[in-house]
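I opened the model to look up its salt bridges. My notes follow.

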Amino acid sequence: QSTWGIHGPQVGTMQHDEVIWQVINQGHCSFRSKTETQNFCRNQYNITGLCNRSSCPLASSQYATVLEKDGVCFLYMKTIERAHTPANMWERIKLSKNYAQALEQIDKHLEYWPKFLIHKSKQRLTKLRQMLIRMRRLKLKGSAKLVGIHKKVERREARREDKALSAAQIEKAINEELVNRLKQGTYSEFMNLNSAQFEKVLDDEAVDDEETDEELEAEEEEEEEDAM
């Protein structure tokens with residue numbers, strides 16, 4: 001069990017941090033991520049993101065960190081007295097939006113804690129606040145929205161456009177050929193087999209009756225004047 005001293009809780013036989021760290025360090029840890037240069041920790045409560053003795057939240061009976069949730073920063077504290085209830089192991093304290101007041105809260109709640117945790121908690125709070133400020137600025141700035149390009153869809157649409165254009169040109173050529181044959185008298189009967197094309201050709205080639213009558217009258221007048 002743990003006992004209380006002048007500088008806060010002192011760990012007794014309830015949890016052996018060094019034994020836990022030796023097992024984790026020399027054995028397997030599901031949170032460890034190895035790289036060529038350094039080992040990192042994926043545990044969300046890790047205050048630095050590094051895999052080492054001082055930053056390991058599993059091998060530390062007394063631990064603190066700062067996390068951000070939905071734009072609000074919280075101070076998380078873990079003490080040995082709550083080790084028997086893992087669901088309630090971390091005490092969460094909401095930090096003020098004012099930076100100076102948030103630092104005072106950290107100093108107040110971590111008054112007798114190791115200086116390493118106090119310093120790293122303040123450092124992490126500073127980084128989180130800078131990140132939130134940049135996020136708000138980018139949101140207000142309204143950066144350009146990136147739209148994905150589907151190359152296969154674009155190629156398919158381009159092919160369809162080319163085919164439609166070719167079909168339109170062929171249809172136009174057929175219409176012109178039909179009109180020429182109609183003028184030449186190639187078709188003597190059965191002109192309206194395709195009613196749509198027939199109506200279109202008639203509309204294009206039709207002559208207004210009034211204009212024809214006016215032309216005939218003008219020609220007759222000219223002939224009479226010549227005769228006189």
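I began with D107 and K122, whose side chains meet in a salt bridge at 2.6 Å, N to O. I count a salt bridge when a side-chain nitrogen of Lys or Arg lies within 4 Å of a carboxyl oxygen of Asp or Glu. D107 sits in helix α2 (residues 99-109) and K122 in helix α3 (residues 115-141), so the pair ties together parts that are 15 residues apart in sequence. Helices (H or I, at least four residues) and strands (E, at least two) are DSSP runs, numbered from the N terminus.

I noted that the model is predicted: local features need pLDDT of at least 70, side-chain atom pairs count only at pLDDT 80 or more, and totals for chains, interfaces and linings use all residues. Residues are numbered from 1 along each chain as its sequence is written, and side-chain values use heavy atoms, with hydrogens and water left out.

Next I checked accessibility. D107 is partly exposed at 35% relative accessibility, and K122 is partly exposed at 25%. Buried means under 20% relative accessible area, exposed over 50%, partly exposed in between (1.4 Å probe, protein chains only).

How many salt bridges does the structure hold? I found four. One of them joins R53 to E18, with the closest N and O atoms 3.3 Å apart. R53 lies in the loop between β4 (39-41) and β5 (63-69), and E18 in helix α1 (residues 17-26), so this pair ties together parts 35 residues apart in sequence. R53 is partly exposed at 26%; E18 is partly exposed at 46%.

I then looked up E91 and R82, which form a salt bridge at 3.7 Å, N to O. E91 is partly exposed at 34%, and R82 is partly exposed at 22%.
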